[in-house]
Amino acid sequence: MSIRRLTALPCGRRGKWVVLVIWLALLVLTGPLAAELADAEDNQASSWLPGAAESTQVLVTQRAFQPVDTAQAVVVYQRPGGLTPADRAAAARDATAFADAPHVRGPVIGPVTSADGRAMQTVVPVDIGTGGWQDLQPAVDSLRATAAADSQGMTTHVTGPAGIGADQAAAFAGIDGTLLLATVSVVIVLLLFTYRSPILWLLPLLAAGAALTVSQAVIYLLAKHTGLTVNAQSAGILIVLVLGAGTDYALLLTARYREELRRHRDRHEAMAFALHRAGPAVGASSATVVASMLCLLVAEMNSTRGLGPVCAIGVLVALLAMVTLLPALLVLLGRWVFWPVRPAYGTPEPTAHGRWARVGGAIARRPRRIWVGTGLALAACCLGLFALNANGLSQAGSFTGTPDSVTGQQVLNQHFPGGTGAPLTVVGAADRAGQVRAVTVGTPGISAATEPTVRQGTALFYATLTDPPDSQAAKDTVDRLRTAVHAVPDADAQVGGSTAVILDAGRAAAHDNRVVIPLVLGVVLVILAGLLRAVTAPLVLIATVVLSYAAALGLSALAFGHLFHFEGSDQSFPLFVFVFLVALGIDYNIFLMTRVREEALHRGTKAGAVAGLAATGGVITSAGLILAATFAVLGTLPVVGLAEIGFAVALGVLLDTLVVRSVLVTALTMDLRHRMWWPSRLPD
C-alpha cells in the first residue's frame, strides 16, 4: 500500500472504522509482548562494549575458567578506632556464610586485614546469571544483610564490580514505569495548556500510547530472535522519544486539520487536505530522525549501535500512528472535540493576525540586524564548550547520590591499594605464563599479581592496581601493561578487567563521535535538499542546527559544573545529544520551511516567511515545549549519564524552538529572499 493510499484511508467514511479495527487488533496482539521488553534487556558489560575490544575478548576467555559468569563483590568492614578480635571473628563467620550462599560461585577470599588494622575485606564471587545486573541486586542485598547483622558496631559495605552493578540496577529499577508515568503526566498538562480543551488532549495521547506499545513489542521480538541489543538506557530513551516525537507530529497534524475545517464543510475532506499538506513535512521529519538514528549502526559501542534501531523503530511506529490512528479518531469525533473553540466553516484563521504574525512582521523590518545579533548571542553560548569534560565518569560520579558501593570503594581506597576489589585480568598462553606474570609484576602501577591458573592451554591471573580502578592513572597502567605483555613472544597475552573495560569503552566512544556525527550531517543534508528542492536552504538550516547544538552543549557544560556539580560527562554524551538535537531540531525547521515554501509560491519569500511563521509558530512552540519537557524527565533519574542527556536535549530543543527556528531561520530567510531556494526559482 502506497503512502498516499495509507493516509487516505482514515479520511474515508468507512476507512476510519477499518483503521480503528486494525489498531485495536494490533494492541491486543502486541500488548503482552510489550510488557516483556524488560526481560529482553541485556545489561551485561559484554553487551555494551565493542566486540573487537581487548577487554571484551578477555571476558570471553574467562568463561573457560568460570563456567558461570561471575562478578567480584568486595565486602568491606571498618572500625576507625581499630579492629578487635571479635570483629575479626565476625568477619570470618560471615565468610563461611558467604561460601554457603546459593548465589556464590567459587572460593571466598578473606577476610584480609588492612596494614593499618582498621579495615578488612572479603572477596565473594557472585553468579551474574542470565539477567545481567538485575540478578546481582538480590545477591548483593543478601551479602549486605549478612554482613550488617553480625557487624557488632563496625560499618559494613559491599562494593567491587558486583556492588557497583547492583547499585546501578537499583538506580534503573522501575525506570520504564517511572519514565512512563512522569512523561505522560507532563504531556497531559502541556496538551491541556495547548488545546485548552477537556477532550482533544486525549486523542494524541492515545495515539502515542498505542505507538509506544506496538514499538516495544516489535523491539522485544527483534531482541529475542535477531540479537538486537536492548538495555535499560535504550528502553528508557524509547519511552521519551516515542511520546515526545509522536505528540509533536500530532500537534502539527491537528493544527493543520483545524485550519482546514475553517475552509471545508465536510470534516473528511478537511482531513484529506490536512494530510496532503502536512503529511510531507511529518514524513520528512520522521525520515530525518530515522535516518539519523540508523547512522548509529556504524558505531563501535554495542550499546550505541543498538540504540539506533530501537529509536528508529519507535519513530516509525509513532509516524504510522499519527497519520492513521489519530486522523481516524479526529474524523470520527467531529468538530465538537475542539470544544469550547470549535473551528466553524467560514470563520477566519486566528493565527493570521496573532502573536507570531506580529513577531514575523517585527523581524521583517530589520532581518539582517536580527540574524546577526542572534547568531552572535548563540556563538557566545558556545564558549561554554571549553568547560565541557566529556572524558568519562568515575564510579562515584556516575550516580547523582552516594550509594553503598561508592562509599565502600572510598573505604577500600583509604585502607588498601587503590585497585583492590577490581583487579586487572591477564590471560595468555600457558607455557608463557611465568614470563607474562613477571612482566606484569614489573610494570609500574601494579602492586601484586596472583599465581596463574591454567585451563586448556590458557593461563589466567589477576593483577592489583596501585591506583583507584576508575582513575586516569589506572588507565595509563593498563596501556603500559598491555604494551609489556604484548611484547612477550608467543604469549598472545591480553589485559581485561573493569579498568580495561572503561578504557576501551572511552576509545570506542571517541571513534563513534568522529564517524557518526559527519555521517548524520550528510544524511540530513540530503533529505533536506530533496524535500526543499534547494541547495542554499539545507546548508543554512544545517548550520543553524549545529550552532544551536553547540550553544546547548556549552550552556549545559556550565550548568553541569556550576549548578549541578557533576564531575564530568560520559564519552558518548556529545554524540547522543548531537543525534537527538540535530534530528529533532531539523524537525521544526522542516515544519516551518515547508510551510514558508508553500506560501512563497504565491506571496514571495519575505511575505511567505511571515505567513509561514504565523501559521506554524504556535504549534511548533507547543511541540518544542512538550518534547523538551519529556526529555527533561530523564533528569529525574539518579543516573548522571541519563540526567545530562535529558537536560542538554531539553535545553537544546527550547533554544531551537524559541530562538533558532522562530528568529534566526526566519530572519535569514527574509534576508536571503529568493536566493534561499537556489537553484530553484521561486518568486520574490
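Tutor: Proline 111 lies in strand β2, which spans residues 109-113. Helices (H or I, at least four residues) and strands (E, at least two) are DSSP runs, numbered from the N terminus. The structure is a predicted model, in which local features need pLDDT of at least 70 and side-chain atom pairs count only at pLDDT 80 or more, while totals for chains, interfaces and linings use all residues. Residues are numbered from 1 along each chain as its sequence is written, and side-chain values use heavy atoms, with hydrogens and water left out.

The bond that joins glycine 110 to proline 111 is a cis peptide bond, with omega about 10°. A cis bond also links tryptophan 678 to proline 679, with omega near 10°; proline 679 sits in the segment after α22 (640-672). Most residues other than glycine have a negative phi, and most peptide bonds are trans.

Glutamine 456, although not a glycine, has a positive phi of about 50°. This residue occupies the loop between β7 (453-455) and β8 (458-465), and its relative accessibility of 77% makes glutamine 456 exposed. Here buried means under 20% relative accessible area, exposed over 50%, and partly exposed in between (1.4 Å probe, protein chains only). Histidine 565 likewise has a positive phi, near 60°. Its place is the loop between α19 (536-562) and α20 (573-603), where histidine 565 is exposed at 61% relative accessibility.

Among the helices, α9 (residues 202-225) and α10 (residues 232-261) have axes that come within 9 Å and cross at roughly 140°. That angle makes α9 oblique to α10. Axes are lines fitted to C-alpha atoms, for helices over the stretch in contact, and angles run from 0 to 180 degrees between N-to-C directions. Angles under 35 degrees count as roughly parallel, over 145 as roughly antiparallel, 65 to 115 as roughly perpendicular and the rest as oblique.

The side chains also form charged pairs. Side chains of opposite charge can pair when their charged atoms come close. The whole structure holds 17 salt bridges, each a side-chain nitrogen of Lys or Arg within 4 Å of a carboxyl oxygen of Asp or Glu. One of them pairs arginine 368 with aspartate 671 at 2.9 Å, N to O. Arginine 368 belongs to helix α14 (residues 367-381) and aspartate 671 to helix α22, so this pair ties together parts that are 303 residues apart in sequence. Arginine 368 is exposed, at 51% relative accessible area, whereas aspartate 671 is buried, at 13%.

Aspartate 431 and arginine 432 form another salt bridge, with the closest N and O atoms 3.8 Å apart. In this pair aspartate 431 is exposed at 59% relative accessibility, and arginine 432 is partly exposed at 23%. Elsewhere, salt bridges with shared partners join Arg256, Glu259, Glu260, Arg263, Arg595, Glu598 and Glu599 into one network. Within that set, arginine 263 bridges to glutamate 259, the closest N and O atoms being 2.9 Å apart. Arginine 263 is partly exposed, with a relative accessible area of 44%, and glutamate 259 is buried, at 6%.
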